[in-house]
Each structure stands twice: as C-alpha cells, then as structure tokens.
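Subject: Structure handover

Hello,

Here is the structure I said I would pass on. Please open it alongside this note.

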Number of protein chains: 2
Amino acid sequence: MEAAARTNQNVGVTSWFPLFPRLKDKAAKLGKMLKKIGKDDPRRILHSFKAGLALSLISIFYYVNPLFTSLASSSTMWAVLTVVVVMEYTAGGTLSKGLNRTFATLLAGALGLAAQRLAALSSHSAGEPILLSVFVFLLAAMATFSRFVPEIKARYDYGVTIFILTFSMVAVSGYREEELIKLALQRLSTIAIGVGTCLAISIFVFPVWAGEDLHNLLPANIDKLACFLEGLEREYFGEKMGSDQILEEASFLSTYKPVLNSKPTEDLLANFARWEPGHGCFGFCHPWKLYLKVGALTRQCAYSMEAISSHISTDKKNKVISDTEFRERIRTACAEMSSKTGKALAELATSIRQMRTPATAAAQHLSNATTASESLKTLSPAKDASLPEILQSATTASLLSEVVKSAHHLATAVEELSRVAHFKRQEQAHKDSAVKPVAGDESPPHVVVEIEK
Amino acid sequence: MEAAARTNQNVGVTSWFPLFPRLKDKAAKLGKMLKKIGKDDPRRILHSFKAGLALSLISIFYYVNPLFTSLASSSTMWAVLTVVVVMEYTAGGTLSKGLNRTFATLLAGALGLAAQRLAALSSHSAGEPILLSVFVFLLAAMATFSRFVPEIKARYDYGVTIFILTFSMVAVSGYREEELIKLALQRLSTIAIGVGTCLAISIFVFPVWAGEDLHNLLPANIDKLACFLEGLEREYFGEKMGSDQILEEASFLSTYKPVLNSKPTEDLLANFARWEPGHGCFGFCHPWKLYLKVGALTRQCAYSMEAISSHISTDKKNKVISDTEFRERIRTACAEMSSKTGKALAELATSIRQMRTPATAAAQHLSNATTASESLKTLSPAKDASLPEILQSATTASLLSEVVKSAHHLATAVEELSRVAHFKRQEQAHKDSAVKPVAGDESPPHVVVEIEK
C-alpha cells in the first residue's frame with residue numbers, strides 16, 4: 001500500500017516536474033512580449049503611469065481634503081469610478097467619454113427627477129413604485145434600442161449607458177432618499193472632479209492625440225504600399241528576376257497586408273479626433289473625414305496588391321519561360337510602372353507627413369507610370385505565343401495598371417485633403433525645411449515596416 | 001423703432017419658419033431609419049425590451065424584498081449599475097462581461113484587503129495613506145499596461161477595468177470604513193443578483209447566441225460571393241454581354257463588398273461565442289477558431305473579386321471589340337468558371353447552414369471550374385491580335401482562376417470545419433431533411449443580399 005502510494009507520488013512528481021521549465025518558458029515569453037509592446041510605442045508605458053497617477057491623485061485628494069469629508073463616502077467612490085472608466089489612451093477618447101458621462105448624467109438626472117415628481121402625483125400608495133418601474137422600463141428599452149443606430153453607437157454609446165444608469169438610479173433611489181437634489185449635486189461634483197483630473201492629465205501630461213495618430217497612420221500605410229511596389233520592382237521585375245530563393249524570402253510580398261484591415265482603427269481614431277481641441281498643427285475643425293476617404297482609397301490600392309501578390313505566388317509554380325523578347329518588354333513596362341507609382345506614393349506619404357501640398361514630382365511619376373501602362377497597348381506577342389505564356393506576364397501588367405489607377409484616385413484625394421486642411425504650399429514648405437530634403441527621385445523612402453505574422 | 005423691431009421679428013419668423021418642415025423631414029427620416037433597424041433584425045426590439053425588463057425587475061426587487069432593506073442603499077445601486085453595464089446583445093457578451101465582473105471583483109477585493117493589511121503594519125501615522133496610494137499607483141499602472149496585450153484586450157478588457165476599480169475602492173474606502181469585509185460581501189451579493197438577473201434574461205428569454213450569429217454570418221457572406229459570380233456569369237459573360245445599360249445598373253457588382261470588412265464582426269462574435277454554454281446544435285467546445293479561418297478565406301476570395309470588379313469597370317471604358325472567336329472562347333471558359341465556382345460556393349454555404357458535410361457536388365463543380373481554367377492554356381490568340389485585346393479578356397480570365405483557387409482553399413477549410421465540428425454526414429443529412437431539397441445543380445441559391453450604400 002505504502003509502496004503504491006510512493007509510486008503514485010513519484011509519478012505525480014515526474015509528471016509535474018516538466019511543468020516548471022515550461023512555466024519558466026512561458027514567463028520569459030510573456031516578459032519578451034511585454035517588453036516588445038512597450039518598445040513598439042513607449043507612450044503606452046507613459047499612459048500606464050498616467051492612469052496610475054490619476055487614481056493616486058484622486059485617492060490622496062480624498063484623504064487630505066477636508067471638503068471631501070462632508071460628501072457621503074459612497075459619493076466619493078464615484079470619483080474613483082469616473083477616473084477608472086473615463087481615462088483613455090488618447091486625449092480624444094478621454095474627452096469623448098468625459099463629455100458623454102457629464103452630459104448624460106445631467107440629462108438623465110433631470111429626467112429622473114421629473115419622473116419622480118410625476119410618479120408622486122399618483123394618489124394610490126402602490127401607484128408610485130409601479131409608475132416608476134414602468135418609466136424605467138420604457139426609458140431603458142428606448143435608450144437600448146437607440147444604440148443600434150450606427151451613428152449613436154459610434155459616438156454616444158458610453159453616454160447612452162450612463163444615461164440609462166443615472167436615470168434608473170435617480171428614479172429608484174429617490175423612492176428611498178429624501179435629499180435627492182443634494183445627492184445629485186454631490187454626485188455631479190464628484191464626477192466633475194474625476195473627469196477634470198482625467199482631462200488635465202490626458203491633455204497636459206504627455207498627451208496622446210488621436211488626430212495626430214491618425215495623421216501619422218495614413219502616411220505609414222501609404223509607405224507600406226510604396227515598399228511593396230519598390231520591392232516588386234527590385235526583386236521581381238529587377239535583374240534578379242527568376243531566382244526563386246530571393247522571392248521566396250522576400251518580405252515585401254506582405255508589407256501591404258496590415259493595410260487590408262486598417263478600417264476599424266482609422267474609424268476609431270477619426271471618431272476620437274473629432275472631440276479633440278485644436279493642438280499643434282491641427283485646428284479644431286480639421287477635416288478628419290477626408291482622412292477616412294484617403295484611408296479608404298489606400299485600402300483600394302492594397303486590394304489590387306493582394307491580387308498581384310497572389311498571382312505572383314501562383315506564377316512561380318507554373319513556370320513557363322519562353323518568348324523572351326515579349327516578356328522582356330512587358331517586364332520593362334511593369335518595372336517602370338511599379339517604380340514610378342511607388343515613388344509617387346512615397347511622395348504622397350511624405351507630403352501628408354510634412355503637411356504640405358504634394359510635390360509636382362508625384363504627378364510626374366504617376367503620369368510616367370500611366371505612359372508605361374499605355375505603352376503595353378502597342379505591344380504584340382510573338383506569333384506562336386500560347387495563352388498561358390501571355391497570361392503569365394500580362395496579368396501582372398494588367399493588375400499593375402489597376403494599381404496605377406488607384407494611385408491616381410489616391411493622389412486626387414490627398415490633393416483635396418491638402419487644400420481643405422490648408423497644408424503649406426510647396427514653395428513655402430521648401431523654405432521652411434531647407435535642411436530636410438524632400439523625398440524625390442533620388443531618395444527612396446526608408447521606412448521600417450512591421451509585418452503581421 | 002417699433003417698426004424696426006417688428007421687421008426684425010418678421011425676419012426672425014421667416015428665417016425660422018423653414019426650419020419646421022425641415023425638422024419634420026428629419027423626424028420622418030429618423031423614424032424610417034429606426035423602423036428599418038427594427039425590421040432588419042426584430043431581435044433588436046426584443047433585446048431592448050429585455051434590457052428594460054432586467055432593470056425594472058431589479059428596481060421592483062429592490063422595492064418589495066425586505067431582505068434588501070438591510071443592505072446599504074449605496075450597495076443596492078451596484079445591482080442597478082451591474083445590470084446596465086453587463087446586459088449585452090448576445091448571451092455570450094453578457095456571460096463574458098458578467099464573469100469578468102464577478103472574478104475581477106473577487107480577485108481585486110482580496111488583493112485590496114491584503115494591501116490594507118500591509119499598509120496597516122506601517123508604524124508611522126502618515127505611512128498608511130502614502131503606502132496605499134503607492135499600491136494603487138502600481139496596481140493601476142500595471143493593469144493598464146496589461147490592456148495593451150492583444151489577447152487581454154480582446155477577452156478581459158472589461159475585467160481589467162473592474163479589477164482596477166474594485167482594488168482602488170477597497171484600498172481607499174477601507175481607510176475610512178471599518179466594516180470592510182461586511183461591505184465587500186454586500187457588494188458581491190448585489191453584483192451576483194445583477195449578473196444573475198442579466199444572465200437569466202439573456203439565456204432564457206429569446207436568447208441571441210453569438211455562436212449562432214457567427215454560424216449564420218459565414219454562409220451569408222459566402223452566398224454573397226456566390227451571387228457575385230452568378231451575376232457575373234449571367235450579366236457579363238452571358239448573352240447580354242456588351243449591353244452597357246444592364247451592367248451599369250447591375251447590383252451584383254457590389255454584392256461582395258460587405259465581406260471585405262467583415263473581420264471585426266467575426267472576431268467579436270467568435271470571442272463571445274467562446275463564453276457560451278452548449279446550445280442547440282453547438283457543443284461547448286465548438287471549434288469557433290475554424291470559423292475565423294473560413295471567414296479569412298472568404299475575405300481572400302472577396303479581394304480577388306474586388307480586382308475583377310474594378311477591372312470590369314475599366315474594361316467598359318476602353319472598349320475594343322475584335323478577334324471575336326478568341327474572345328468568344330475565353331468568354332465561354334469564364335462563364336463556366338464563374339457559374340461552377342458560384343454553384344460550389346452556394347453548396348458550401350448551404351452545407352455550413354445545414355451543418356452537414358459539403359456535398360460531393362461542390363467538389364465536382366470546383367473540378368469543372370478548374371478544367372475550364374486549364375482549358376485556357378490551350379487557347380491561342382489570333383496571329384494579329386494586339387496586346388490590349390488580349391489583356392482585356394485574358395485578365396478577367398486570369399483573375400477568375402485566382403477566385404477558383406481561393407474557392408478550393410475555402411472548400412478545404414469548410415471540409416475541415418465539418419470534420420472537426422462533427423457535422424452530419426451527407427447521407428444522414430439526406431435522410432433527416434427529405435423534405436428540403438439540397439441545393440444542387442438545378443437550384444441556384446435565392447439569397448436576399450443587403451448592399452451597403
């Protein structure tokens with residue numbers, strides 16, 4: 001019996017033993033990931049400290065301020081709650097939540113008081129609670145339904161939650177407590193203290209502006225597309241064409257991938273940016289909607305690139321090499337198209353980043369790309385060419401023409417943005433930044449591109 | 001003076017007057033939109049009533065239950081707060097929030113008590129509050145940073161918020177109130193009552209399952225792709241080919257568009273579905289991850305369709321009609337590819353919807369489509385064909401081959417899903433649903449497709 005128990009124990013130890021190194025591995029992995037998250041954007045570490053600071057400030061305030069002692073203890077909890085819930089990563093997010101919270105509380109508080117008065121008119125003693133729960137039911141149902149309206153969901157979702165919450169609390173609590181107005185004022189003051197603390201820390205201590213993030217995200221995405229086209233020119237249409245090893249390892253084939261799913265991030269940032277006051281180079285009425293348009297057209301380009309990338313991977317497998325002169329001419333045209341469009345995109349990205357109108361070089365590059373695309377029309381394949389040979393080279397060319405066309409639309413949108421947002425004129429920008437050379441023909445963009453794995 | 005005032009008033013009236021019909025218009029528009037939202041998915045109306053019901057139940061419970069009176073009034077507020085915040089549209093959402101809230105409160109409450117004990121050990125009188133704010137700062141900063149980890153953000157974001165909130169409250173409030181454990185138990189009981197009410201209503205009153213929604217979303221999206229391909233065959237490659245009016249108005253050209261941005265919805269639903277208990281045909285460990293894989297491959301198909309759609313719109317503008325025999329043969333192959341792939345996709349969608357393994361007809365259709373795609377390789381253009389003529393027809397053909405290939409990958413993923421999720425075998429399904437004919441060759445799918453405007 002004892003022996004059996006010992007054996008069992010041994011089995012237990014041996015089967016548990018390998019867990020320790022595994023746990024150690026996991027902890028090491030977690031540490032690495034956390035380090036990477038902090039390194040990728042050090043503002044995240046700052047934000048964590050800011051959130052901690054806001055909470056400690058509120059708790060210290062609660063301790064030292066004699067004024068605070070007069071407020072009910074439960075009311076003070078609302079200040080803590082407000083800080084935890086309202087503090088967001090971007091200033092726009094904090095503003096959006098803070099304003100939503102404040103106005104929803106005011107509106108719902110007033111409506112709740114009115115509902116109470118109305119219910120108090122009922123002569124029957126059971127009438128009041130019944131009427132109040134009917135009010136709560138109706139208001140909550142209507143407010144919940146309003147959240148299905150996309151505009152409300154996007155901008156006022158948090159406000160609606162707080163509206164339902166405050167209305168129910170006022171309507172229900174009022175039934176017990178007499179000093180409802182005093183309580184309401186207390187609650188409002190604690191919410192004001194909480195929101196004020198969050199806003200002050202969000203806006204004045206290392207602020208993270210959603211607008212600025214959006215403004216940086218667009219050129220970063222456009223640069224990813226430019227990288228793809230430059231990689232295509234260099235590694236696929238370039239002189240190394242045909243050496244599979246290089247293409248296999250080529251990272252450029254997936255640079256555009258993060259752009260495909262960029263819509264939710266852009267929508268969120270634009271939504272928060274609308275709440276932000278003017279800051280840095282951005283006025284209060286900065287045309288954030290146009291950024292969304294530019295973002296949508298960037299994605300359009302990325303969709304065509306996805307088709308090219310998938311076509312190229314297929315292409316490699318069914319290799320047909322023949323009719324070299326025809327292929328060579330298509331190759332030259334494709335190389336020209338990708339190189340020029342890539343440069344045009346890089347220039348568009350730089351112009352957004354530097355907030356100046358796009359250089360005429362961008363339009364020049366695009367028109368060169370179009371010329372190359374048109375030049376394909378005069379080509380004729382060799383008389384005995386079979387369709388797969390032609391398809392193989394020609395489809396890429398045709399898809400590239402789509403990219404050139406999308407890039408044209410994108411350029412138009414960027415020009416509209418630069419006009420509406422009063423970007424600096426080209427000459428002005430040259431004067432202002434005489435030191436920094438404007439990315440032109442000779443300077444391909446050097447961008448660090450993160451690739452999702 | 002009086003006359004001037006009157007004139008001003010008149011101006012006021014006339015300039016305000018047109019506002020009334022405009023307001024009326026706006027109200028009518030809003031009414032229409034709300035009606036449409038309710039009509040599109042009547043479960044939304046039910047959900048609003050459910051939310052109202054949960055809140056009224058809590059407020060009635062608060063009124064009639066003598067047990068409740070013993071709890072502090074502020075504690076009862078937490079029940080209302082819990083209901084408002086935890087009640088979500090889907091059962092999985094409510095479960096996720098409810099469990100997050102409960103466990104985060106338990107964990108943070110225990111840690112908060114421990115922090116208090118630790119701070120109380122300090123001998124200096126000012127030491128306790130200082131130590132406590134340091135604890136709050138550290139915990140809040142670490143927890144806030146953990147929200148940047150994508151996995152935590154996706155699944156436990158709400159839990160982390162509640163964790164910070166509860167910890168701060170316990171740490172701060174404990175400094176004032178002696179009966180902290182009694183308070184904690186009260187709060188836990190109110191949270192339990194709130195979460196219990198929400199869960200009971202979410203799960204037992206007309207439940208909306210995130211898993212079921214995800215299970216329906218996938219075939220709906222695949223059907224949209226099938227509609228595009230069928231429209232392509234009928235209106236572009238069909239006999240009407242060339243009549244621009246019809247293509248201009250063709251709605252099929254944008255059927256696939258909503259699929260391009262389906263990722264966030266699918267991710268959210270899969271995330272909620274993981275929390276749901278077994279229900280209907282879905283076990284507790286239903287492979288929701290595979291649904292995401294199928295969704296990703298569906299989007300891959302949609303990207304190729306985007307390229308086709310954009311190519312077709314260009315194609316119309318640069319019309320070159322010549323070399324009709326060559327074009328005719330490509331047209332036939334393309335029509336075959338789109339028709340067969342469309343049918344295969346429709347069969348895949350039906351098989352997911354009916355939870356059975358895909359019929360062999362799907363594989364047959366796909367292999368026919370591949371044969372048609374291969375047949376292009378034996379084609380030769382007329383000797384004097386110029387490149388644009390060839391490009392015009394051949395690019396569409398080449399892009400369609402990509403779609404056929406993506407559809408193959410999709411079919412493989414659907415088969416994997418049907419195997420892992422133990423879908424019914426084909427024969428079994430036939431026996432079970434002898435009344436409903438399985439969509440096959442003769443029955444193209446009739447799907448109502450919503451087009452985003």
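Below is what turned up in it, topic by topic.

First, a caution: this is a predicted model.

**How the chains relate**

Chain A superposes on chain B by a rotation of 180 degrees. The shift along the axis is 0.0 Å, and the RMSD is 0.0 Å. The two copies are thus related as by a two-fold rotation axis. Through which surface do the copies meet? They meet through the same surface, because 100% of the interface residues of chain A are also interface residues in chain B.

**Nonpolar cores**

The largest nonpolar core has 134 residues. Within this core, A:L232 and B:L232 have the most contacts. Take B:L232 as a place to look. Beyond its neighbours within four places in sequence, B:L232 is in contact with B:F237, B:F252, B:I308, B:I312, B:S338 and B:L400. Another core lies apart from the largest one. That other core has 81 residues, including A:V80, B:A51, B:F135 and B:L199.

**A patch on the surface**

Some nonpolar residues sit on the surface instead. A:I130, A:V134, A:L138 and A:M142 form a nonpolar patch there. Together they have about 390 Å² of accessible area. A:M142 belongs to helix 7 of chain A, residues 127-146. Is A:M142 buried or exposed? A:M142 counts as exposed, because its relative accessibility is 56% and the cut-off for exposed is over 50%.

**Salt bridges**

Over all chains, the structure holds 30 salt bridges. Here are some of them.

- A:D157 pairs with A:R147, with the closest N and O atoms 3.0 Å apart. This pair links distant parts of the chain, ten residues apart. A:D157 is in helix 8 (residues 150-173) of chain A, while A:R147 is in the loop between helix 7 and helix 8.
- A:K405 meets A:E402 at 3.7 Å, N to O. Both lie in helix 17 (residues 387-420) of chain A, three residues apart, about one turn of the helix. A:K405 counts as partly exposed, at 30% relative accessibility. A:E402 is buried, at 5%.
- B:R331 meets B:E328 at 2.8 Å, N to O. Helix 15 (residues 324-353) of chain B holds both, three residues apart, about one turn of the helix. B:E328 is partly exposed, with a relative accessible area of 39%.
- A:D41, A:R43 and A:D213 are linked in a network of salt bridges.

Over to you.

Best wishes

Note on methods:
Residues numbered from 1 in each chain as written. Chains lettered and ligands numbered in written order. Predicted model: local features only at pLDDT ≥ 70, side-chain atom pairs only at ≥ 80, totals over all residues. Heavy atoms only, no water. Core = buried A, V, L, I, M, F, W, Y, C linked by side-chain atoms within 4.5 Å. Buried < 20%, exposed > 50% of the residue type's maximum accessible area, 1.4 Å probe, protein only. Contact = heavy atoms within 4.5 Å. Patch = residues over 30% accessible without salt bridge, like charges linked within 9 Å, V, L, I, M, F, W, Y side chains within 5 Å. Areas by Shrake-Rupley, 256 points an atom, 1.4 Å probe, with all protein chains shown as cover. Salt bridge = Lys/Arg side-chain N within 4 Å of Asp/Glu carboxyl O. Helix = DSSP H or I, 4+ residues; strand = E, 2+ residues; numbered from the N terminus. Least-squares fit on C-alpha atoms with pLDDT ≥ 70 in both.
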